[in-house]
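Hello,

I am passing on a structure for you to look through, with the sequence and the coordinates together. Please open it first, and then read my notes beside it.

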Amino acid sequence: MANLVQSFFILVAFISVCWTPVADAGGAKVNNVTPSMARTILIAAMSHEMDTVASADLPSSLTKTEANTTCIMTYCTDAALDCVKDQACRTALSCLSTCDSLEDDSPDKIELQKCTADCVVTYENEALDAVNGCFDSHDCIALTPIPLACRDTHPAFSIPQNVTDMEGAWWATWGKNAVYDCYPCQRLSFSPLNASSWLYTSKYLTPTLEGGVRAYELQAAFPWPADGMATAIAFNYTYQGMSHGEEWRFLHVDPSLVVLYYCGQGNTWQYEGGLVLSRERSSPPDHVSLAAEAFAKIGIDFEEEFCELQPNRPCPAL
Ligand SMILES: *[C@@H]1O[C@H](CO)[C@@H](O)[C@H](O)[C@H]1NC(C)=O
Ligand SMILES: *[C@@H]1O[C@H](CO)[C@@H](O)[C@H](O)[C@H]1NC(C)=O
Ligand SMILES: *[C@@H]1O[C@H](CO)[C@@H](O)[C@H](O)[C@H]1NC(C)=O
Ligand SMILES: *[C@@H]1O[C@H](CO)[C@@H](O)[C@H](O)[C@H]1NC(C)=O
């Protein structure tokens, strides 16, 4: 027991040294385990092991989290303890604590989001998802917000598209969000689920900090317009323990090309991105120029802001 408690203190001391008061950032497929959550997990675990830890006894840096300790002690101590006892989960926490030292002053905090995403995809396991999910479902933490002006109300989105044309399998060929769209590869599919809903599946590879790649799969059901025509689809899903709400806005849909913009939220982090979907592994030049024109209408410079997904990577089958 002593050893376990001691190791908490070593970790906490390490995190305290690394802690600088930067805003925590973070939110398509957002890895919302932040540095402040890492600290919070440790507080919860310490509190559990030592029975009572007056907050005055905690290292001062630890009190800077936006965590509701009552909430954590009531609902999440077991999950926090399981995480701290687990090697990979602990490694994830110390990896996340290094993101604290980043000085990312940009409004969308892409660097900070990338740092947390890299730690999570490299070390994520059930223990990390469980503690993250526990905090999220009980509203035990409030992340420092990353506000974003969504472009949802832009007049360019006013023309309904025939979303029935989206049925079937697609390749993501170009993406906007450097953290959540620019994967080595991503495949998507859309299929009818029942009279009022469709199912969206995404399979993608993310690079890990250890030089490998990790395969992920995400599924979400979304309401389907009765006549197949829509300007947007909205859906909620849970990813790595955290619930998300997302809205996809269509700039163009035909049977061989989809151009969409999305804006979403997980906890208090907002994020936006965009995708070009083709039936083939890479988009022909006329698709790329159509997409570039469509994004220009909503103030996004395609050449500057989009990445091409690597067309020659092995990719999971759908
Ligand atoms: C903290 O969490 C407890 C338990 O969930 C809740 O009753 C209380 O209202 C929360 N406090 C704040 C400030 O949100
Ligand atoms: C939408 O596309 C589907 C499939 O291509 C087609 O069957 C349907 O008639 C189209 N709907 C409209 C309103 O154009
Ligand atoms: C269709 O599926 C969705 C998602 O699973 C579900 O919420 C909804 O109740 C279903 N609707 C019908 C009519 O079965
Ligand atoms: C998603 O969640 C929000 C907030 O809980 C809710 O208002 C909205 O209706 C949900 N949307 C769908 C498509 O389930």
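This is a predicted model: local features need pLDDT of at least 70, side-chain atom pairs count only at pLDDT 80 or more; totals for chains, interfaces and linings use all residues.

Residues are numbered from 1 along each chain as its sequence is written, and chains are lettered from A and ligands numbered from 1 in the order in which they are written.

The largest nonpolar core has 37 residues, and those with the most contacts inside it include Ala172, Leu251, Val258 and Leu260. Such a core is a set of buried Ala, Val, Leu, Ile, Met, Phe, Trp, Tyr and Cys residues joined through C-beta atoms within 7 Å. A residue counts as buried if 20 or more other C-beta atoms lie within 10 Å of its own, as exposed if 12 or fewer do, and as partly exposed in between, with C-beta atoms placed from the backbone. Strand E9 (257–266) gives this core its largest share, 7 residues. Helices (H or I, at least four residues) and strands (E, at least two) are DSSP runs, numbered from the N terminus. Apart from this core lies another, of 34 residues, among them Ile72, Leu93, Leu96 and Tyr180.

Strand E9 itself has 9 of its 10 residues buried, so it is largely enclosed by the rest of the structure. E9 runs antiparallel to E8, to which 10 bridges join it, and E9 also pairs with E10 in the antiparallel sense over 10 bridges; two strands pair if DSSP finds at least two bridges between them. Trp248 has Tyr262 in E9 as its bridge partner, and Gln265 has Gln270 in E10. In the hairpin of E9 and E10, which has 2 residues between the strands, Asn267 takes a positive phi near 50°.

Turning to the helices, H6 (residues 110–123) has 10 of its 14 residues buried, and these buried residues pack against H5, E4 and strand E5 (213–223), where contact means C-beta atoms, placed from the backbone, within 7 Å.

Lastly, ligand 1 is surrounded by Asn68, Thr70, Cys71, Thr74 and His138, whereas ligand 2 has Asn162, Thr164, Asp165, Gly228, Met229 and Pro255 around it; a residue is near a molecule if its C-beta atom, placed from the backbone, lies within 6 Å of it.

Best wishes

Technical notes:
The expected span of a helix is 1.5 Å times one less than its number of residues. Two residues are in contact if their C-beta atoms, placed from the backbone, lie within 7 Å.
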